[in-house]
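Subject: Structure handover

Hello,

Here is the structure for your files. My notes on what was found follow below it.

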Amino acid sequence: MRVHLIGAVAALALALSGVAPSWAQNRQEHAAPHSVPRPPRAQQGHAGQWLRQHNNLPPEQQRKALQNDPQFRNLPPQQKQHLENQLNRFNSLPPQQRQQMLRRMDTFGHLTPEQKDTARQMHSQMQQLPPERRQAVRNAIQALRAMPPDARQRQIDSDAYRRQFTPQERSILGGASRLPLAPAGPNGPE
């Protein structure tokens, strides 16, 4: 099955946003912004596969591979630019963060369509939060990742979380807790 480039780089966009699910169902991942079309399911491979295949190439060779991809060539100029920008942003990260992004994309690739929709909705809701609240919610998601699934909702419903988070923020946390959360990687939270 041919890897779908658009899905790979689009998933990268969410992974780079820092909201990408490090929430995994035995290793699963995050989604594309609604501005980037999702490919038909039959054509879609793992979102991070294109990047993994081209990860060890110098950025210039990656860009050439991207520009030579038939799917990429058929995109409108704005989408091409967006994907090139995402690839440049990915390449500007330290190697450890690039690997973290690839893990997130792999994780997203295994989510069910419903879980991907939940992840997209959570991403959209998180983008509406002020930056300091977005970070507080991310930190809470990290704490929830360390808990068994049955303890997550109890924590979200706790008095401490009710005082610390708004109903909207607790809704985001609830959505995250319903996704299969992967434990943090060996180098700490993702």
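One aromatic pair is present in the structure (rings of Phe, Tyr and Trp, the last by its six-membered ring, pair if their centres lie within 6.5 Å). Tyr161 and Phe165 form this pair, which is tilted, at 5.0 Å centre to centre and 55 degrees between the planes (under 30 degrees counts as stacked, over 60 as edge-to-face, the rest as tilted). Both Tyr161 and Phe165 are buried (under 20% relative accessible area, 1.4 Å probe, protein chains only).

This is a predicted model, with pLDDT of at least 70 needed for local features and 80 or more for side-chain atom pairs, while totals for chains, interfaces and linings use all residues. Numbering starts from 1 along each chain as its sequence is written, and side-chain values use heavy atoms, without hydrogens or water.

Helices are DSSP runs of H or I, at least four residues, numbered from the N terminus.

Contact (heavy atoms within 4.5 Å) involves Thr118, Met122, Gln125 and Met126 of α7 with Gln168, Ser171, Ile172, Gly175 and Ala176 of α11.

Arg152, Gln153 and Ile156 of α9 meet Arg170, Leu173, Gly174, Ser177 and Arg178 of α11.

Regards

How values were computed: Helices (H or I, at least four residues) and strands (E, at least two) are DSSP runs, numbered from the N terminus. Buried means under 20% relative accessible area, exposed over 50%, partly exposed in between (1.4 Å probe, protein chains only).
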